[in-house]
Protein chains: 2
Amino acid sequence: MAEPSTSAVPPPAEAPAETRVAAPAIDGEDGASISKKAAKKAEAKAKKEAEKARRAAERAAASGASGNAAQTEDLATENYGQETHETKLSADATEINLRTLGDEHVGKTVELRAWIQNARMQGAKMAFVELREEGNWTIQGVIAANPEGAPVSRQMVKWVGAINPESFVVVEAKVERPLEPVTSCRVSDYELHITKCFVHAAAPAGLGLTLAAANRPITNFSDEEAPVEDGVEKLSIASAGEPSAIPAANMLTHLNNIVMHKRSAVQQAIADIRCEMKELFRSYLRSRGFKEFEPPCLIAAASEGGANVFRLPYFEKEAYLAQSPQFYKQIEIAGGRKRVFSIGPVFRAENSNTPRHMTEFTGLDLEMEIKKDYTEVLFMLEGVLLHIFKNIKERCAEEIALVRSIYPCEEFLLPADGREVRLTFAEGQKLLREEGPDEFRNVTDDEDMSTPQEKALGALIRKKYGTDFYVLDKFPETARPFYAKEDPTNRKVTNAYDLFMRGQEICSGGQRINDPVELEARIRTKGVDPASAGIKDYVDIFRQAGVPAHGGGGIGLDRVVAWYLNLPSVHLAAYYPRTPKRLLP
Amino acid sequence: MAEPSTSAVPPPAEAPAETRVAAPAIDGEDGASISKKAAKKAEAKAKKEAEKARRAAERAAASGASGNAAQTEDLATENYGQETHETKLSADATEINLRTLGDEHVGKTVELRAWIQNARMQGAKMAFVELREEGNWTIQGVIAANPEGAPVSRQMVKWVGAINPESFVVVEAKVERPLEPVTSCRVSDYELHITKCFVHAAAPAGLGLTLAAANRPITNFSDEEAPVEDGVEKLSIASAGEPSAIPAANMLTHLNNIVMHKRSAVQQAIADIRCEMKELFRSYLRSRGFKEFEPPCLIAAASEGGANVFRLPYFEKEAYLAQSPQFYKQIEIAGGRKRVFSIGPVFRAENSNTPRHMTEFTGLDLEMEIKKDYTEVLFMLEGVLLHIFKNIKERCAEEIALVRSIYPCEEFLLPADGREVRLTFAEGQKLLREEGPDEFRNVTDDEDMSTPQEKALGALIRKKYGTDFYVLDKFPETARPFYAKEDPTNRKVTNAYDLFMRGQEICSGGQRINDPVELEARIRTKGVDPASAGIKDYVDIFRQAGVPAHGGGGIGLDRVVAWYLNLPSVHLAAYYPRTPKRLLP
């Protein structure tokens, strides 16, 4: 294996990120020339010799550099360096992980694989390293020159103290109690006295984004590339929040340095919360008889009129990317599947460059037969979201606290059991007219709400009912698509609803028309030709056989995560946000 | 609501499907004229009157038609007809479902929502209906004219006996024990004595695909449309299997009648098995510390050389659909996520029209850090698949038996615990050379296997080791892509493997190179420019920071389901198979 250089002294961890070069290439000492010319066998042989030479050179350099040190031979060469497949740790070293480290390990020889989060020399004979195993699980490591027992040489100490942050290492160490708790590490009651240290994978001398910068709140979500001068990317300074020595980077720098972005404790916590929310959605529905299925992404016709749809050549035809699995959820119900849900990507070719929009996101969708009344579906959607909100608070208490320490926000308020807030659309508009800001004095019951109206209503409801989660039901017929079932007792409104978090819609749903004649009639009143492409396929489903009453809804997972945590952008809740200007990484 | 006609006498359930018209339009008696012109209010009023008129006409027709009947008034008009939102059942009717029907229900008035699977008159005063609630859960319903108590008129009996199969109805009935067990229904110990019956959603008089035909094994998977004559689709007769009165339809007819395709017991069972296999994959990995994440489908560069990739216009750029989440799984590991998995769509723009291929399918993918050896990953993949195979057998015993009754196959053999079969690629080739068919006498260790070789080896392994599931490890370097990690002790082979079911590959994986210099060198030996689009982004990930050793694999869910059940086509295991010629439904 070619050897990336690890001998450069790392910059101090707290140095401003501006001084660092974005993602520089690692040039191995001998890597560049070898990889270009050599055939396999020659390469292997050359590398073996290069390795010998490197060690000799390193020894010479180390003894030369440390002025005070005698020109002693390095007795510890077997205990440090680049890891190879022949590297061996002591047979009695127990593998540990930091979550479960306990008193029983004190005095024992252990083995840990971790990232060097920070390394610094303390005089010429001692170095401290912070080792991070996972998330924000860190422990202090100490290495001191010691000719006794397993020898640790000055050269070794110096080499360890100079390992670039974010290199991955294997250490062998003895677990000890520190003189006083190590407040800078999550594991504060133990420290590791290092006796062997091998670099498994080296980080570059300058990181494109330091871990400390990656953990600062992002305030700049602009899609425009930041100006680049002399290969050094200009980072924006966080304008909000307390002053800090660590400048924040903008979102683009985070995405250009996705590895460090993801290693930040805040992104690890958001990812964990997202992962658990998804699992809570699934387990709640499974325990209520719902079956998961996979709707297709590639479809033959644009489902909702053709606006904002990605289209692509598909052999001799054209295909579209699904904007919603609704059609397929309804086929499942028509096909006798009773209750179904799906979790998967949905696509919108919308040229919106805002922190609320993405072109690809994760939809949580459900559809179910209705026995008596469409509120069965409404309560199911409300129920699954309440289940998520109540359980995530316990399941991810630490992660939520961590995110809030970076992105502070007000608690997400939930209604007490049995006090869920369900207003009709008309009631919501009345509240806005009577108690909302002046500009909403004249809102009517048959026009859809604007985003500012929704936000104002959210504030009113929070104040009046003490909840950030609520339902608006019975949307006006004019504000819903052709498939929405009208209330048979009042044709001006539909059996359709939206669910809201902090005044922002996160779920839309309702009862669907299941009679082909009624459906065609409503399609016509919407001014659409029932024989047009896509529409006809849709109506035909209800002509194949009798389809029971049903309804459902779609939830945007990215938004649920983002609005629950009140993040400044939904892009922080996505693993790989897709925007009109950005497909990388 | 406009009224679909339900008065046409249905064809006998066993009639050949050829005689039926594919998906005919339902023309409501008054639906067509009303929906075209009337404004909302007028429409509602008109319909109320039309409903009155219809009932009167129905009564007159019924009494006229039943020759033997006296010109009596129909006393049961409130007890049958089209369901509306005003339809009421008795307040004391308990809702039941067939899975939990028991002795405690005998003699009670109950309510059931179900499909009419079959309806037939028995003389002029009695009718039998088969009611299907879900899957293959059916029960016999009886309706007999009876002027006493809740009146059931002859007109009502006749109307119920003529409901089109696959209409969805609501019935009120008394649960009774039949004189002898009803062998034609899954619920054989009880029957329903119907007192009220309303059609909730009517099926057309002729189904495009009957349930009986939908349950026959499909042998014709051709992508070519069957010839259509006079609007009647020609169905192919099943050529294999025992002779049967019910002709099988070809796959295209199934897809053109997706609702009936899905209602068939065999497709319900396959869908249930698929759903549980997915859940078994997820729960096994979650309990081992794996975190689920969602890789993007829209990507900026073709991941594996650009062949067989869908491309699409993306605002001012071009985008591709991901062929595999591998790059993103690796970023997750580089980003400190330790162990991840994903379940989602992957795309191949391959113009292969075979029962093994689809253009969109569901990938089960995992990736994990390696501590000591790449076999940790291999054993994880083997472990999760064994977990699926062992548990599905118990969890879906009934469903598996049902599928095998339609698509018979040999038992899927598993190795005994601790006797898992793991051969190196070289050992596999040796076995083929020494014990396989003559044509494979000269296979070598450094060329990839062909599909016939794989199948022959599968048969040899089944015979020799008694298992249909096994691993081939240490694939030759020449047969694996640039990112495959070579065995450091033997550079001719890689730490990469395939997993097989019945001689067919269902999972490919291995250790990845995690050092950017080693990776670039190997990319060059493969004749690829490391600076080319996509490749550079890939290599750069390992330059951002030190990335630990890792590996993973991808499993095709559709194939696992299909090969486990030995289905004749992977299209039967998919919910909505996508082929080069087919994007519908």
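**Interface between chain A and chain B**

In the predicted model, chain A and chain B bury about 10,200 Å² between them, 56% of it contributed by carbon and sulfur atoms; buried area is the accessible area (1.4 Å probe) that two parts lose on being put together, summed over both. In chain A, Glu294(A), Gln544(A) and Leu583(A) lose the most area to chain B, together 7% of what that side buries. The contact (heavy atoms within 4.5 Å) draws 121 residues from chain A and 121 residues from chain B. Because 98% of the interface residues of chain A are also interface residues in chain B, the copies meet through the same surface.

Between chain A and chain B, 22 salt bridges are counted, a salt bridge being a side-chain nitrogen of Lys or Arg within 4 Å of a carboxyl oxygen of Asp or Glu. One salt bridge joins the side chains of Lys291(B) and Asp272(A) (3.0 Å, N to O). Helix H7 of chain A (residues 265-286) supplies ten residues, the largest share of the side of chain A that touches chain B; helices are DSSP runs of H or I with at least four residues, numbered from the N terminus.

Residues are numbered from 1 along each chain as its sequence is written, and chains are lettered from A in the order in which they are written. Local features need pLDDT of at least 70, side-chain atom pairs count only at pLDDT 80 or more, and totals for chains, interfaces and linings use all residues, while side-chain values use heavy atoms, with hydrogens and water left out.

Notes
Helices (H or I, at least four residues) and strands (E, at least two) are DSSP runs, numbered from the N terminus.
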